[in-house]
Amino acid sequence: MGSTYLPKHLKRLINTDWYQMKKKTRNNARTGYLFQYLTYSSVIKSIKEEGIVVQRSQRNSPSAELTVTGWEISRRAIKAWLLLVTSFLLWPGCSSQNECEEPDEIDFGEIVSSEKAKYLENDQVQYRCDPSYVLEGPEWIQCNGQEWTPRPPKCLAPCSISRRRLAAKKLFVFGNQRKARLIQSNQSLQFLCDEGYVLVAPSVRKCVDGYMDFPLCISETGKNCEDPPRIENGDIITLSAKQYRSGSSVEFRCQKDYIMEGQKRSFCNDGAWTEAPNCLQKGCDYVDIENGRMENHDEQFPKREGETFRFYCYNGFLPKSKRQTLQTVTCTNSGFEPEPKCFKTCDPPLRFYHGHFINPHRNKYTEGDRIAFVCDKGYSPANQPSTSTCTQNGWSPAPSCALPEGGCGHPPAVDNGDIVETLKEIYVQSESVTYQCKNLYRMEGSARVTCQNGHWSQTPACRDIEGKCGRPPPVENGDAVNTPKRIYLQSESVTYQCQNFYTMQGSPRVTCQNGCWSQTPTCRIACTASEEDMRQRNIRLRWSNRDTLYSTDGNVVEFVCLRGYRPHPSSGPFRIYCVEGKFDYPYCTRF
């Protein structure tokens, strides 16, 4: 039969699934009957639509197979194949923006979650290892933005220990046992030597992905040894002797700027010395990767110049390259390049009032990235300069636009009065407006009001000639308890209350007297102790577990240093008062 072209997605299915399915069919005859109701006519018809020549083998065999241009496919693989063929034929020609490719298979393990024709955003896949194998890494991975995160796990192999191997190395397992066994990866065993032999420490050895480095047993009754071996860039630090009895040892030490590779001791073993260590020029030491880990759990350190390793970052973090979660770093004479570090990612910042960002065209930003913004006309950045930085805690400082220093917004309204000039959005320092009263009202106070340090000077009042009062004057951060009226008669009054976390100063009751309102109260702003303010000063609230505290004006709040910190010599007291919305924070420094 001639060769026939197989589409890549079908060939990949055959290569990966056929062997596993056929093996399961051979081990369990029942498996072959799971799909006995799948008719060959429908199989052949579906596959021929791809232009593939098909032959069939014995129909009623438990491991019945189809031969497709030299490929043998079990019934179970056929079912998966048909599902894939159907999705291929109905494929719209372009992939969804939030769709992931099929998750990777893992050696000595399998995907145990339900198979899908498509994997969309937030879909998850679960892995499981074969018996005696240990899962290293996440059991579940998730489809995020067309890629699977975190990376699929590995199945670590067990270590096989045979009786013959133990006997050959003169070893016993602790407890005088010498029998075959399987040890799972990351588990340890303690060994002993036969009588008359000395064990080269350490006696406890760990299984690492199918490999265990057995200890060496040195004969105490063998031949003596002559001079011990010499090593480059290192010295013997034990006392020298003319002869060394079997079982004795010498210890080596490397010279400055060199590190040791191998055992620091060499033993005399029946007339011959065991292998001496090497002294290598210092390279790059092990690094602890916060918010990420190395691809291979058994990476050896230190690394020599030119050697590499790979690491990946956890979800929500990216390496310095910012392009992919997996990063290769190289040991150089100045350390690892690029720096093996995972940086926090930030979503594009949210919109804010009175300004906008300059070209916020990226979907992701990483720790240290900055984004610039501009404020609307008349406004300026509340935090200089006009940039916000992606940090571990999000964008900081939060982008904000405010009136320029000393500037004012709309001038306040006056009941029964109007402003003569055309109104503007922003007024700069020392700018003025002029008021005039309506008919049958007289003005009390100056008609001219000036912007001074961000506030308007005292506005005039337009009084009823008959002694009546207009609407009660507004109180910043406060409200009238009663529903306000347009006109109040002589001696009528209004009661005010402050908003939450504000403290009233003055009488809450205001009375209409001879067309004028008596003195209004003021609402003093509360103080806010935020987590960010406290963290910058290395302090926390003494009596509260909350991240943020609101304290009314005049109240006392007490702070303490974070663990590992002490009061700074120039810090103020740790019991402080809330004064006009501000805390005079203390601060701490490290021990």
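Which cysteine forms a disulfide with Cys129? I looked it up: Cys155 does, with the sulfur atoms 2.1 Å apart. I count a disulfide when two cysteine sulfur atoms lie within 2.5 Å.

I noted first that this is a predicted model, where local features need pLDDT of at least 70, side-chain atom pairs count only at pLDDT 80 or more, and totals for chains, interfaces and linings use all residues. Residues are numbered from 1 along each chain as its sequence is written, and side-chain values use heavy atoms, leaving out hydrogens and water.

Back to the pair. The torsion about the S-S bond of Cys129 and Cys155 is about -95°, so this disulfide is left-handed. Cys129 lies in strand S7 (residues 124-129) and Cys155 in strand S11 (residues 154-156), so the pair ties together parts 26 residues apart in sequence. I take strands (E, at least two residues) as DSSP runs, numbered from the N terminus. Both Cys129 and Cys155 are buried, meaning under 20% relative accessible area with a 1.4 Å probe and protein chains only.

I counted disulfides next. The structure holds 16.

I then checked Cys346 and Cys390. They form a disulfide, sulfur atoms 2.1 Å apart. The torsion about their S-S bond is about 85°, so the link is right-handed.

Cys516 is in no disulfide; the nearest cysteine sulfur, that of Cys469, is 6.5 Å away. Cys516 counts as buried because its relative accessible area is 15%.

Methods: Helix = DSSP H or I, 4+ residues; strand = E, 2+ residues; numbered from the N terminus. Buried < 20%, exposed > 50% of the residue type's maximum accessible area, 1.4 Å probe, protein only.
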